[in-house]
Amino acid sequence: MHKNATLQPLGSIRRRRELLFIFALLLGLAYPTIGRGQTFRPNGVVPVYTSQPIAVLHSFSVASSTFNVDGVNPQNPVIVGPDGRVFGTAEFGGVDSAGVLFSVDSDGSNFRVLHIFTGGKDGSVPVSIIQLPDGTLFGTTLLGGTNGTGVVYRVNPDGTQFQVVHNFAAWIVITPLPYPYNADGVAPYGLIQGADHALYGTALEGGAFGGGVVFRLQLDATDTVQNFTVLHNFPIDGSLSSGPIGLLQGMDGALYGACRDAGANGGGDLYKLLPDGSGFTVIHNFNAPGNASNSYVNAGGANPFTYLVQDQSGTLYGTTQDGGTYGGGVLFKIQTDGSNYTLLHEFGGSEGLQPVASNPSGQLVLKGVQIYGTCLNGGSSNGGGVLYTIPTYASPSQDYLFEIHSFDLRLDPNNGGGPAGGLTLGPDGELYGTTARGGSNGTGVVFRYGSKLLALSPNSAPAGSSDLTLTLLGTGFTDFSHVLWNGQYVATKQLSPQQLQATIPASWLASPGSATVQVLDGIIGATTSPLIFLIGQPQLQVHLTSVTRDQSNNVIVQLTFVSTGGAPVSNLNLASAKLTDSSRNTVMATAGTGAIGDLPSGSSVTVSLTFPASVVSGKGLLRIAGTYTQGSFGSSFRVNIP
């Protein structure tokens, strides 16, 4: 299988390679096993591969070249705040084509552009961002700033008080040196906050030897930058590593990262160093990368454009974009001392009954024993990439990988293509990310994988009801969605990504009370917030809302009917309404009585009654009577007639 790459992460600003365009034509059969000993089966297993739906939170708008109002080509991980707000960057777009910082709610509402980069002193091509505990956002741009080499900035989560906190130094070119360099790095890419409250990051290029740097930004208690320190300089050539990508602070306090280029074999490496910059050690050298003539194949993977993650035992996990048996990259694990380098999966070859997937990239999510990630290319449509999961105990056998979703490079309002930034785990247990292409306008999307439960129909039933067909309304429902009734599984049918249907047995509706209804995603194990289903008898309240006169001097009385019980009020009918005025004259309503309809539990309706103009002003008495399926009602109200 050749390397069927159609996208590159933005970080490759020095090394470009012509990529082969080969589309995966394989449309396989069902492959429901996610990990050996761990099988997730859809509610009605059918022998076809099915791409599970994502929820598109925002499709970026049409762009003229790289100009639009809300951004073009987001290619980096998003962050999700504790309130569920999603923050991200688009490298291009905006009124100056220099990129934007944006936010959107987890249900897709309230999309906002928080900052439009100008390409000047505020930077250009925004990439990574983080959010500190107080809500402040810090981010980097690859270019722009005072010297055109990138900046670190901070901004409030509402977009106010944008401030550049560090400008990277200008390039210096001195012959006979074969490379340009500078004091502190060029193209900053990746930020984390360490246990000591300081920010740590990498720059892809520059530094004393031209191959990039690891740096630290010391913050005070108010998150104000106090000083900037280069912790390590990478060379640009020779057998040493260069092009550092991202950082992870391990359980032991050390910093771990990957270099996409060079290394002892030319395929990049993994390294560690201490937060003070000491103890730099290469813990693994990847093998020499393949090339077009051998379909980019090598042993063990090459070019690790990856963000490392670590499990509770201390094991590190990551990916390479290239290499492996099929040339499509690998997923690996390794110990922090460099021992036990192990391949969990080699991409680019046959995935059994699933579509081919290749070139893993971006941020991984580790949840329990499952790893979640994305591939830039492959999938069941036109090579738009995949969202996959695989257990931490996998081997390169095809038995372990499960492709959850196939992305699509075509114009599709319900999909996107090229998920270069990978995934982020939200506080709701769901997965969030971006794609650089696809969506309604081909300029990328923000997406969520997981379910949102919004409403129940019906939301109540009388005690003693027979079996009930319950419809659940929301977003992101899949073949692997299961309805939970008070925590118990209910047989579930997916009608669409917005609707599920379940049958509630009569035995669960026998006694008055309430039940919690949730949706569980069987792939990621995320459960939606509960909605309440009421079980009981109908209760009806009637409130006098207002008494006025209209332009013809008729008396207008407004009544509000409220269904407050554990079951709907059905076939509500206001049979009669009588008004006795201060002269003891009684008249019937001339309009407003009759059938009202059904009132679901918790709902209300307002009815306007009209009485003739002959009604005398002053104190009066209103009497009403009516029926509903389960009984009758009658009420009287003291009124002041204007």
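This is a predicted model: local features need pLDDT of at least 70, side-chain atom pairs count only at pLDDT 80 or more; totals for chains, interfaces and linings use all residues.
User: OK, how many helices and strands does the chain have?
Analyst: Zero helices and 50 strands. Those are DSSP runs numbered from the N terminus (helices are H or I, at least four residues; strands are E, at least two).

User: And what does the C-alpha trace span?
Analyst: About 110 × 55 × 45 Å along its principal axes.

User: What percentage of the residues is buried?
Analyst: 56% of the 642 residues. Buried means under 20% relative accessible area, exposed is over 50%, and partly exposed is in between (1.4 Å probe, protein chains only).

User: Which residues have the most contacts inside the largest nonpolar core?
Analyst: Phe-561 and Phe-611, in a core of 26 residues. A nonpolar core here is a set of buried Ala, Val, Leu, Ile, Met, Phe, Trp, Tyr and Cys residues joined through side-chain atoms within 4.5 Å.

User: Which strands build that core?
Analyst: Strands 43 (540-549), 44 (555-563), 45 (569-580), 48 (604-611), 49 (618-628) and 50 (631-641) each give two or more residues. Strand 45 has the largest share, with five residues.

User: What does Phe-561 touch?
Analyst: Skipping neighbours within four places in sequence, its contacts (heavy atoms within 4.5 Å) include Leu-540, Val-542, Leu-572, Leu-574, Ile-596 and Phe-633.

User: Switching to pockets: how much space lies in the largest one?
Analyst: About 710 Å³. On a 1 Å grid over the protein atoms alone, a pocket is an open set of points where a 1.4 Å probe fits, with protein on both sides within 12 Å along at least five of seven lines; lining residues have an atom within 4 Å of a point.

User: Which residues sit closest to its centre?
Analyst: Ile-79, Ile-130, Leu-191, Ile-192 and Gln-363, out of 27 lining residues. By class, the lining has 19 nonpolar, eight polar and no charged residues.

User: How about the second largest pocket, how much space and what classes of residue?
Analyst: About 340 Å³ of space lies there. Its lining has six nonpolar, eleven polar and five charged residues. Pro-53, Ile-54, Ala-55, Val-56 and Asn-414 are the closest to the centre, out of 22 lining residues. Strand 3 gives the largest share of that lining, three residues.

User: How many aromatic pairs are there?
Analyst: There are 23. Rings of Phe, Tyr and Trp (its six-membered ring) pair if their centres lie within 6.5 Å; planes under 30 degrees apart are stacked, over 60 edge-to-face, and the rest tilted.

User: Are Tyr-153 and Phe-162 stacked or edge-to-face?
Analyst: Stacked, because the ring centres are 5.1 Å apart and the planes are at 25°. Tyr-153 is buried at 0% relative accessible area, while Phe-162 is partly exposed at 22%.

User: And why does the pair Phe-402 and Phe-480 count as edge-to-face?
Analyst: Because the planes are at 80°, with centres 5.7 Å apart. The pair links distant parts of the chain: Phe-402 is in strand 30 and Phe-480 is in the loop between strands 36 (468-475) and 37 (481-485), 78 residues apart. Both are buried.

User: Which residue does a cis peptide bond join to Pro-458?
Analyst: Ser-457, with omega about -5°. Pro-458 is in the loop between strands 34 (452-457) and 35 (460-462).

User: What about phi of Asn-303 and Asn-571?
Analyst: Both are positive: near 60° for Asn-303 and near 55° for Asn-571. Most residues other than glycine have a negative phi.

Technical notes
Residues are numbered from 1 along each chain as its sequence is written. Side-chain values use heavy atoms; hydrogens and water are left out. Grid points are joined across faces, edges and corners, and a volume is the space filled by probe spheres set on the points. Ala, Val, Leu, Ile, Met, Phe, Trp, Tyr, Cys and Pro count as nonpolar, Asp, Glu, Lys and Arg as charged, and the others, Gly among them, as polar.
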